[in-house]
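Visitor: I'm new to this. Could you walk me through it step by step?

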Amino acid sequence: MSLYTKGQISNGSPRRIKRLLIANRGEIAVRIIRAARDLGIETVALYSDADQFSLHVKLADYSVRLPGNTPLETYLNVPVLIQAVKDSKADAVHPGYGFLSESADFADAVASAGAKFVGPSAASMRTMGDKIEAKKLMKIHKVQCVPGSENPLKDVDDLRKHAKEVGFPMILKASAGGGGRGMRVVRNEGDLAESFAACTREAASYFGNPAVFCERYIENPRHIEVQVLFDEHGNGVHLFERDCSIQRRHQKLIEEAPSLFLNEVQRAEIGRRAVIAAKAAGYSSAGTIEFICESPERIYFMEMNTRIQVEHTVSEEISDIDLVRWQILVACGEKLAFKQEDIHLRGWAFEARINAEDPAKGFLPGPGRVNQVRFPAGPGIRVDSHLYSGYEIPQFYDSMVAKLIVWGPTRDIAIERMLRALSEFEIDGIPTTAKFHEAVLRHPLFRAGTFNTGFIDQQAEYFKGAFSAVPDDQQTHAAILAAVLAVEELRRPATMVSEVKGTLVSNQERSLWRDRARLEATNRGGI
Amino acid sequence: MQWKVLIGGKDRIVDLPDLIPDNISFPATIDNHPVQLRWQRATRALFILDSKNLDSKASGPWASLNLRSKTVSKFAGESDLIISSEYMPAGAKFPVILDATVALHIPGQEAREGAKAKKPKVVRSQITGKVLKVMAKVGDTVNAGDALMIIEAMKMENRVLAMAQGVIESVKVSEGEMVSTGAELVRFKQAASDTQG
């Protein structure tokens with residue numbers, strides 16, 4: 001039996017979930033609904049006003065409105081969410097990623113409302129959420145960390161003392177920080193005092209905890225992370241590593257599994273360390289151990305993400321294990337149905353994050369109406385998305401609108417499949433990053449696997465050239481196409497609904513004849 | 001209906017029927033060269049029968065252009081349609097990126113417009129979002145590249161930059177306000193064009 005289908009809710013399940021509330025939106029809400037439905041569990045969707053027409057609301061069995069639009073008044077609003085849990089009589093809550101997924105306080109609030117939080121215990125979230133505590137724990141269990149201070153820095157003198165051992169460049173980090181904030185690179189001794197003061201100040205104001213520590217700064221490392229899965233009975237496995245080095249401004253663009261950077265022995269070793277790290281934290285559910293890699297021999301523990309991640313899909317493809325299904329099974333109290341030796345690495349997988357941004361215009365975000373969308377299909381291709389033709393992408397949330405995931409028996413075949421998937425992906429109405437992914441996949445260094453987190457910046461010139469205009473000898477046909485598109489645009493009868501000043505405004509019906517009359521009048525200078 | 005298409009720094013005149021039929025071939029011209037077109041609306045593919053072989057990449061009599069993505073911007077009060085799109089020409093491995101400005105072509109119109117006084121320059125929002133910070137003040141002289149304001153959309157901050165030197169006549173939005181694409185942000189006294197960075 002395939003590992004993918006292995007695992008059911010047993011009749012004697014210690015805690016049988018019947019109705020799962022999803023405290024999230026977008027593609028991950030859709031992904032969780034699908035996993036729940038596979039297990040015969042009812043789902044409750046939450047939606048902000050701007051999300052009322054979103055796909056997860058349509059797919060769920062029940063839905064609860066969260067009044068307002070901004071994340072703070074909706075998906076981050078704990079009292080409102082807890083009320084929704086009570087009103088909908090949900091017996092479990094899946095937080096997805098982002099929003100409140102790593103908030104131990106939210107996990108506690110869910111438990112107090114009598115529902116099961118689908119994720120690790122609040123205690124292990126707290127331990128791994130505090131970077132200094134996490135590093136101490138790793139030291140005890142002999143998991144290598146980046147050289148640096150073990151305790152919060154007392155003052156500048158304390159920092160100077162550590163600077164002698166750590167060397168320059170070094171990085172100051174807020175203990176409670178995350179998401180690229182509360183970090184500062186220091187390149188020489190003269191900047192120490194000023195950087196320390198600034199970092200402490202930021203840590204206090206962003207995260208409410210002024211504790212700061214220092215580490216050796218590794219320039220342009222490889223970002224490799226290991227997926228782990230634990231049940232509540234102390235059994236745990238790893239699902240190999242993911243390479244997430246293709247990033248732009250700390251946002252991942254393309255992820256792959258496994259990593260070309262590691263050989264068999266190193267792969268087994270990094271997996272072993274990840275399992276030790278998760279076990280040390282008393283972890284259960286799906287989680288990720290992030291490593292920072294200077295070279296295959298110098299791999300250091302960086303932090304743990306105590307949630308499902310955007311890129312969990314590539315690990316699913318190469319291990320044949322449905323991670324979200326298993327998160328729910330583990331929350332039901334089930335034991336893992338496999339051991340480490342049952343899990344085999346098969347083939348290669350890539351994920352490309354399709355964002356509503358225009359790479360040719362400095363990644364300018366483009367929320368708006370999707371007039372038409374067509375997803376790629378065929379062997380080895382999977383699309384996780386909440387897009388549909390006619391969907392209006394709200395401006396209040398993340399710009400990720402789809403994940404293209406491909407699997408192939410080898411890395412080269414998987415790359416060719418991803419190029420095919422990108423060429424089949426059609427979208428009318430919004431700009432996307434699809435063409436940027438295509439340029440990355442065509443790059444010889446990417447194909448050779450010799451890249452690090454600085455790749456996009458180092459290859460800036462190459463990417464500029466990738467979005468050049470229509471070649472001279474093709475401009476006649478391009479001009480005809482442009483004119484046809486203009487006529488089609490004026491013909492489009494759709495009503496556009498856009499959110500302006502907090503109220504839903506329906507744009508007037510568009511009419512070719514009215515628009516044309518206006519165009520002509522404007523051209524004559526009449527209006 | 002005649003359309004003026006600005007592409008690659010050149011104006012091309014395309015003559016099309018007022019309404020384009022779906023999947024039925026129809027005649028058209030580009031710069032007075034006749035072509036036969038067929039537009040498949042459901043799959044967004046344009047077929048061009050081009051006996052004069054105007055385009056070197058066209059293989060065989062019918063060339064197909066498959067649309068991959070398209071966005072069209074039209075700002076209130078302006079007649080131009082700004083089209084950005086990607087398409088796959090038949091036989092190509094990679095898409096072509098098309099940026100063009102399309103306007104209705106009325107012969108003799110440029111001469112009339114040239115005679116008119118220059119309109120005051122206006123900076124418009126290229127995105128829908130929330131005004132986070134306004135740096136531009138009435139009466140300020142700004143240089144090309146100066147940030148006029150910051151607009152937040154999809155959790156990202158986008159700076160609105162001045163493209164040329166000018167004196168600010170008025171600022172139409174305030175901090176915290178929501179703006180939609182095409183909304184007027186800043187008006188200049190003298191010529192200074194807009195864009196977003």
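**Helices and partners**

Visitor: Are H12(A) and H13(A) roughly parallel or roughly antiparallel to each other?

Guide: In this predicted model, the axes (lines fitted to C-alpha atoms over the stretch in contact, with angles from 0 to 180 degrees between N-to-C directions) of helix H12 and helix H13 of chain A come within 10 Å and cross at roughly 155 degrees. Under 35 degrees counts as roughly parallel, over 145 as roughly antiparallel, 65 to 115 as roughly perpendicular and the rest as oblique. So H12(A) and H13(A) are roughly antiparallel.

Visitor: Which element gives the most to the side of chain A that touches chain B?

Guide: The contact (C-beta atoms, placed from the backbone, within 7 Å) takes 51 residues from chain A and 64 residues from chain B. With 16 residues, the top giver on chain A's side is H17(A).

Visitor: Which residue in E6(B) is the bridge partner of Asp428(A)?

Guide: Helices (H or I, at least four residues) and strands (E, at least two) are DSSP runs, numbered from the N terminus. E22(A) and E6(B) run parallel, joined by 2 bridges. In E6(B), Asp428(A) is partnered by Lys70(B).

Technical notes. Residues are numbered from 1 along each chain as its sequence is written. Chains are lettered from A and ligands numbered from 1 in the order in which they are written. This is a predicted model: local features need pLDDT of at least 70, side-chain atom pairs count only at pLDDT 80 or more; totals for chains, interfaces and linings use all residues. Two residues are in contact if their C-beta atoms, placed from the backbone, lie within 7 Å. Two strands pair if DSSP finds at least two bridges between them.
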